[in-house]
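Please open the model in your viewer and keep the selection tool at hand.

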Amino acid sequence: MEAVHPGYCGFTRDITLHRLGAHVWCARGRPGRLGTVQATIGHDAIIRELRTLAASSDPPHALLFAGPDHTGRALLARYYAMLLNCDFGPGGPRAGERAGDALPCGECRPCRLIAEGVHPDVITLTPGDLLCKPREGDSHAKHADSRDIRICQIRGLIELTARFPFEARYRAVTIDPAERMNRDAANTLLKTLEEPPGHTVFTLLTAAPEAIPETIVSRCRRIDVTTVDRGTIEAGLVARGFPADVAEAAAEAARGRPGIAMTFAAQPDLMGDRERLAERCREIAGANIRERFRYANELAERWRQDRGSVSRELEAWESFWETELAAAAARRDEAAAMEALGALRAVRLAEEDLLAQVVARMALENMLLSFPRGTLGARPREAPDNSYV
Ligand SMILES: [Zn+2]
Ligand SMILES: [Zn+2]
């Protein structure tokens with residue numbers, strides 16, 4: 001078997017194995033969190049491209065940032081909003097006072113408001129209630145917990161974009177994660193992308209571009225955001241004032257995702273947690289059926305009080321199986337790779353089930369039962385258990 005990567009497949013619309021050349025894309029479809037820094041770590045070529053686009057007389061009104069979670073897509077979208085609205089940028093009150101490569105300034109009012117996430121015209125639409133606008137004369141229950149971006153939200157968005165921005169030259173709307181728009185929502189957005197209001201730019205963020213209708217993708221300028229090499233992340237962390245040893249450890253643990261590296265560098269304890277969780281995954285992967293059920297129950301109990309800790313545990317499982325998959329691919333062990341891939345899908349399904357409010361114990365038991373028997377180099381803690389079928 002050639003070297004393979006897990007990634008989204010345009011054909012099956014599912015995470016799958018890709019042969020050489022595919023990026024390793026994260027299985028999670030959740031929005032990344034913004035850091036406090038203005039620019040991303042890495043992605044110099046994209047930053048140059050965004051500067052060129054923003055300086056043109058007719059900047060593209062829709063960008064699609066496609067790439068794994070935590071690689072900096074949201075920061076790049078924010079950066080584009082700053083470029084378009086900086087006082088020193090084209091059309092701004094102080095245009096021409098600064099060279100193009102000194103933009104955005106990061107200091108003017110629009111830059112500061114955008115950096116702080118409080119600019120009234122810079123909006124991120126995510127699954128939930130934001131901008132919910134039921135059809136005329138209709139009403140419906142709140143849906144803060146919904147896992148899709150719904151048509152009512154897109155309706156609200158279109159109503160908003162029909163008006164002029166409060167103060168921006170360009171209103172900037174980010175849709176994250178864009179593949180979570182359900183079909184009606186995507187169709188409604190498409191009409192707007194076909195006849196875009198001149199004062200609004202859309203940036204769509206996704207880890208699964210194949211899951212977005214081609215009609216939408218073709219209306220956007222697509223920018224692929226890849227993982228960043230370890231040395232660049234480490235240097236970026238040092239430049240942001242983190243001690244060299246912390247930067248090195250965080251860059252190593254982040255597996256190419258600057259957003260995760262920033263989190264680890266800011267809270268090094270989490271790296272310890274990560275190792276502890278990874279050790280636990282190894283134990284459970286090698287455990288018998290009874291122990292796995294016990295573990296599933298424990299997680300389900302915890303889900304009631306502390307969802308965050310269960311989510312972190314599932315992320316640790318993703319990382320565990322991604323590592324197993326990479327190791328199996330490296331030694332060309334197709335059977336083990338398929339097992340790891342199945343386990344990776346099971347983790348993702350459990351995450352989706354939990355978001356969709358499936359009974360937690362059931363979702364977690366299903367996940368644990370989908371994992372391969374206690375092999376894969378894990379260390380079983382007791383003799384093989386024949387009850388595991
Ligand atoms: Zn500025
Ligand atoms: Zn609604």
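Select Pro68 to begin; in this predicted model, is Pro68 buried or exposed? Pro68 counts as buried, because 24 C-beta neighbours lie inside 10 Å of this residue, and 20 or more are required for that description. Pro68 belongs to the loop that runs between S3 and H2.

**The whole chain**

Next, display the entire protein chain as a cartoon. The chain contains 14 helices and seven strands. Of its 389 residues, 41% are buried. Among contacts with a separation of 6 or more, 68% are accounted for by residues 24 or more positions apart.

**The sheet**

Which order do the strands of the five-stranded open sheet have? Reading across the sheet, the order is S4-S5-S6-S3-S7, and the pairing is parallel. Select residues 122-125 for strand S4 and residues 221-224 for strand S7: these are the edge strands, and each of them pairs on one side only. From one strand to the next, the twist averages 20°.

Now select residues 171-175, strand S5, together with residues 200-206, strand S6. These two strands pair in the parallel sense, and five bridges join them.

Select residues 73-85 to show helix H2. Helix H2 packs on the sheet and touches strand S3 (62-66), S4, S5 and S6. The direction of H2 makes about 170° with that of S6. Then select residues 151-161, helix H4, which also packs on the sheet, touching S4, S5 and S6. For H4, the direction makes about 170° with that of S5.

**A pair of helices**

Two packed helices are described by the angle between their axes and the distance between the axes. Select residues 289-305, helix H11, and residues 307-330, helix H12. Their axes come within 6 Å and cross at roughly 135°. H11 is therefore oblique to H12.

Which residues make the contact? Show the side chains of Leu299, Arg302 and Trp303 on H11, and those of Arg307, Ser309, Val310 and Glu313 on H12. Sorted by class, the contact of H11 with H12 comprises three nonpolar, one polar and three charged residues.

Conventions:
Residues are numbered from 1 along each chain as its sequence is written. Chains are lettered from A and ligands numbered from 1 in the order in which they are written. This is a predicted model: local features need pLDDT of at least 70, side-chain atom pairs count only at pLDDT 80 or more; totals for chains, interfaces and linings use all residues. Two strands pair if DSSP finds at least two bridges between them. Helices (H or I, at least four residues) and strands (E, at least two) are DSSP runs, numbered from the N terminus. Axes are lines fitted to C-alpha atoms, for helices over the stretch in contact, and angles run from 0 to 180 degrees between N-to-C directions. Two residues are in contact if their C-beta atoms, placed from the backbone, lie within 7 Å. A residue is buried if 20 or more other C-beta atoms lie within 10 Å of its own, exposed if 12 or fewer, and partly exposed in between; C-beta atoms are placed from the backbone. Angles under 35 degrees count as roughly parallel, over 145 as roughly antiparallel, 65 to 115 as roughly perpendicular and the rest as oblique. Ala, Val, Leu, Ile, Met, Phe, Trp, Tyr, Cys and Pro count as nonpolar, Asp, Glu, Lys and Arg as charged, and the others, Gly among them, as polar.
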